Every structure is written in structure tokens, then in C-alpha cells.
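Dear colleague,

Please find below the structure I wished to pass on to you. My notes on it follow.

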Amino acid sequence: MRQIIFILILSIGLAFNSCKEEAENATIEFPDWLVERIQDLEIEDEYCNICQITITQYNGIQYYNLYCNLWSCLYCEFYDATGAQPEWDSDTWDNYHLTKTEIAIVKACDWPDQ
């Protein structure tokens with residue numbers, strides 16, 4: 001009986017968690033410039049299967065980090081919401097890593113606005 005209850009509770013928890021993830025991804029708005037960049041990866045390099053976008057917020061501004069597993073540079077394609085790359089000193093980067101809020105990590109091929 002305890003095993004049945006445990007399985008039932010575990011199933012309900014997993015169901016709620018998957019619904020939450022779908023709801024979070026559905027509410028994210030994607031800038032046109034980033035969608036175009038992802039489409040470039042699909043057409044030119046077919047990288048979308050090995051790429052992801054990490055969406056973060058720092059000091060009230062949303063940032064997008066596009067990274068593909070083959071790349072050696074972790075923040076080479078790091079942009080703010082307007083598509084501009086921030087020019088930060090090392091102290092600002094340290095503060096970013098300490099205080100950022102991660103909003104979502106989305107695989108490039110799963111990007112809803114492709």
C-alpha cells in the first residue's frame with residue numbers, strides 16, 4: 001500500500017512539474033534578432049541540435065546567451081534584449097555571475113518562434 005501511495009505522489013509531482021515548465025516556456029517572448037540568428041545556425045551550420053539559449057535577468061535587463069557545444073567561447077554570443085553585446089569589465093562579469101536570475105534554458109531547435 002505504501003508503494004502505491006509513493007508512486008501516486010511521485011506521478012502527481014512529475015505532472016505538476018512538467019506543466020510548470022511548459023507554462024514558463026510559453027510566457028517567454030523572443031526578440032526577432034535572436035530568432036534570425038538561430039535560423040542562421042539551422043541553415044548555415046545545422047547547429048540548432050547542439051545549441052541552447054540561456055535567458056537571464058541582471059539589473060532589470062534581460063540577457064540571452066547563445067551557446068553551441070562545439071564553441072570554445074562561452075559568452076561570445078551574449079546579448080541584451082536589443083541585440084547589443086555588453087562591454088563589461090571583469091568586476092561587472094563577476095557581479096553578473098553572482099546576482100543574475102536564470103529565467104530559462106531553451107534548446108535552439110525547440111525555439112517556438114522559428
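Are Cys51 and Cys68 buried or exposed? Both residues are buried, where buried means under 20% relative accessible area, exposed over 50% and partly exposed in between (1.4 Å probe, protein chains only).

Please note that this is a predicted model, in which local features need pLDDT of at least 70 and side-chain atom pairs count only at pLDDT 80 or more, while totals for chains, interfaces and linings use all residues. Residues are numbered from 1 along each chain as its sequence is written, and side-chain values use heavy atoms, with hydrogens and water left out.

Cys51 and Cys68 form a disulfide (a pair of cysteine sulfur atoms within 2.5 Å), with 1.6 Å between their sulfur atoms. The torsion about this S-S bond is about 95 degrees, so the disulfide is right-handed. Cys51 lies in strand β1 and Cys68 in strand β2, so the pair ties together parts that are 17 residues apart in sequence. Strands here are DSSP runs (E, at least two residues), numbered from the N terminus.

The two cysteines are also bridge partners. Strands β1 (residues 51–58) and β2 run antiparallel and are joined by eight bridges; two strands pair if DSSP finds at least two bridges between them. They form a hairpin with two residues between them, and Asn59 in the turn has a positive phi of about 50 degrees. In β2 (residues 61–68), six of the eight residues are buried.

The second pair, Cys73 and Cys76, also forms a disulfide, with sulfur atoms 1.7 Å apart. Cys73 is partly exposed at 31% relative accessibility, as is Cys76 at 39%.

With kind regards

Methods. Helices (H or I, at least four residues) and strands (E, at least two) are DSSP runs, numbered from the N terminus.
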